[in-house]
Amino acid sequence: MPNQETTKPRRVAILGATGSIGQSGLDVVASSCGRLVPVTLTAHSQTAKLAELARRFKPETIVVTDPQADRTPLAPLARSVRILYGPEGIDEAVSAPDVDIVLSAIVGGAGLRGTWRSLEAGKTVALANKESLVLAGPLLFDLARRTGGRILPVDSEHSAVWQAIASRAPALTPYGTAGGAGGKDQIRRLILTASGGPFRTKTLDELPRVTVADALAHPTWKMGKKITIDSATMMNKAFEIIEARWLFDLPPEKIGVVIHPQSVIHSMVEFIDGAVLAQLGTADMRLPIQLALSEMTRFPCPAPPLDWTKIQNLELIPPDEKRFAAIPLGRRVAREGGSSGAVVNAANEVAVAAFLAGKIPFHKIIEIVQAILDHHQFEKEPALERLFELDRQARRETQKWISD
Ligand code: NAD
Ligand code: MG
């Protein structure tokens, strides 16, 4: 129950435990004084790291999703922990009756499976994997409505919005958050903040010459590689517009973006009377993760507080949408829905991997994604299986585009 201290420990499954969000999630669990208990940890291929985490956190179940992963580091654990292999392992782990909440923190479209299965089992999902909503936002909320599952935001911007909305109506959760009585109709717009990434001040002419190392050097956030590149192209903000569209059930016209290089204001909600509520804090994912895992129960968090003596200024700059072409692209996908999200997500994943592998220059990423989106045959209401097909198809087409 939001805003109430409950004594019963919440049993957490962490999907993507070896990643950046997974590690921050484990940090939160470790400092929660027993409020949060890790029961399941998953990793794709880093089995040595997973074994180390299993020894430290003593989960009941671990899952290794990559069938090719080296299983040797896990052998000594076989007696003390249940070990599942392959993506199917996730299905079994998240639907176990003793799991209260699932931290969905796998990167990319691969994360949809865990989000889907968790909701199917009626669980609450603390959602870091924004790609789940980009791919299948309306389907996931339909599913949640049928099963009683819920989606709580982990993304810092959406957590800030959740906090701002909850401050006026604590009982509302983001799942249909604002949709509650007297909720959504009181919101004029959301203002998502964006750091602007490492290339905020670069001109369009300079972008073709930036290197992978330049793109990975995010000025304010330390994250996994894929989302760091998405932040540099601003595709991350495009995804966050789509995420907010489904999470808060608001039309894209009501979701604005402002560049805020200091990453102190995590986002804002403007109400119809003109009041603007924001949430401020350090650029540290442990707070939004903790808020989602605890359903907004507040207790001390390992993230350091803001040092107000060091904040000189807080800038808010309107984005140049010509330079940050991903922003209008995101708004378009949020408006279209249907097959567009799956296509954009798949094309982006392939293009980002190609950039990281040195196969395409940085400025081509958004160009390619845009081209793949423009050339696909739009479908209004694809079902889940069809979305997976469209995902595979878009990946193939993007690969072809890159190698031609
Ligand atoms: P990461 O690359 O650091 O970690 C990814 C995790 O996913 C790892 O545990 C890896 O083992 C697992 N994984 C990778 N491929 C997989 C596959 N095919 N199947 C199953 N598991 C797989 O990524 P991250 O930065 O922690 O991001 C995770 C998610 O959280 C992303 O969707 C990202 O957009 C979102 N997110 C991250 C941050 C952040 O600060 N890192 C902030 C907001 C949202
Ligand atoms: Mg974010």
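A: **From the end of a helix outward**

Helix α4 is followed by Gly122, a residue whose phi is positive, near 75 degrees. The model discussed here is a predicted one. In general, a negative phi is found in most residues other than glycine. Helix α4 itself covers residues 112-120, and its buried residues are Leu112, Gly114, Thr115, Trp116, Ser118 and Leu119.

Strand β6 comprises residues 124-127. Thr124 and Ala126 point one way from this strand, while Val125 and Leu127 point the other way. Residues on both sides of β6 are buried. The strand also has a partner: β5, made of residues 101-104, runs parallel to β6 and is joined to it by 4 bridges. One place to look for this pairing is Val102, whose bridge partner in β6 is Val125.

The C-alpha atoms of Leu103 and Ala17 are 8.9 Å from each other, although 86 residues separate the two along the chain. Ala17 belongs to the loop that connects β1 (10-15) with α1. Its relative accessible area is 0% and the cut-off for a buried residue is under 20%, so Ala17 counts as buried.

The next topic is ligand 1. There are 22 residues around this ligand, and those that come nearest are Thr18, Ser20, Ile21, Glu131 and Gly224. By class, the shell consists of 11 nonpolar, 8 polar and 3 charged residues.

The backbone of the protein also takes part in contacts with the ligand. A backbone N or O atom of Ile21 lies 2.9 Å from an oxygen atom of ligand 1. For Gly19, a polar backbone atom is 3.1 Å from an oxygen atom of the ligand. For Ala128, the corresponding distance between a polar backbone atom and a ligand oxygen atom is 3.5 Å. On its own, ligand 1 has 830 Å² of accessible area, and the protein covers 86% of it.

**The magnesium ion**

Ligand 2 is a magnesium ion, coordinated by Asp155 (OD), Glu157 (OE) and Glu240 (OE) at 2.1 to 2.3 Å. Along the chain, these donors follow the spacing D-x1-E-x82-E. Glu157 is part of helix α6 (residues 156-166) and Glu240 is part of helix α9 (residues 235-247), so this pair ties together parts that are 83 residues apart in sequence. Glu157 is buried, because its relative accessible area is 7% and the limit is under 20%. Glu240 is buried as well, at 1% relative accessibility.

**A second pair of strands**

The account now turns to strand β9, which consists of residues 255-259. Since 5 of its 5 residues are buried, β9 is largely enclosed by the rest of the structure. Each face can be named in turn: Ile255, Val257 and Ile259 lie on one side, Gly256 and Val258 lie on the other, and all are buried. Strand β8 (residues 187-194) runs parallel to β9, and 5 bridges join the two. Within this pairing, Ala194 stands opposite Ile259.

The loop between β9 and β10 (265-271) contains Ser263. The phi of Ser263 is near 50 degrees, a positive value in a residue other than glycine. Ser263 counts as buried, at 6% relative accessibility.

**Two further loops**

Cys33 also has a positive phi, near 55 degrees, and is likewise a residue other than glycine. Cys33 is located in the loop between α1 (20-30) and β2 (36-43). With a relative accessible area of 70%, where the cut-off is over 50%, Cys33 counts as exposed.

Finally, Gly338 occupies the loop between α11 (326-336) and α12 (340-356). At 22% relative accessibility, Gly338 is classed as partly exposed. From C-alpha to C-alpha, Gly338 and Gly34 are 42 Å apart in space, and 304 residues separate them in sequence.

Methods. Residues numbered from 1 in each chain as written. Chains lettered and ligands numbered in written order. Predicted model: local features only at pLDDT ≥ 70, side-chain atom pairs only at ≥ 80, totals over all residues. Heavy atoms only, no water. Donors = N, O, S within 2.8 Å, 3.2 Å for Na, K, Ca; no water. Buried < 20%, exposed > 50% of the residue type's maximum accessible area, 1.4 Å probe, protein only. Near = heavy atom within 4 Å. Polar contact = N/O pair within 3.5 Å; in protein donor to acceptor, adjacent residues only side chain to side chain. Areas by Shrake-Rupley, 256 points an atom, 1.4 Å probe, with all protein chains shown as cover. Nonpolar A, V, L, I, M, F, W, Y, C, P; charged D, E, K, R; others polar. Pairing = 2+ DSSP bridges.
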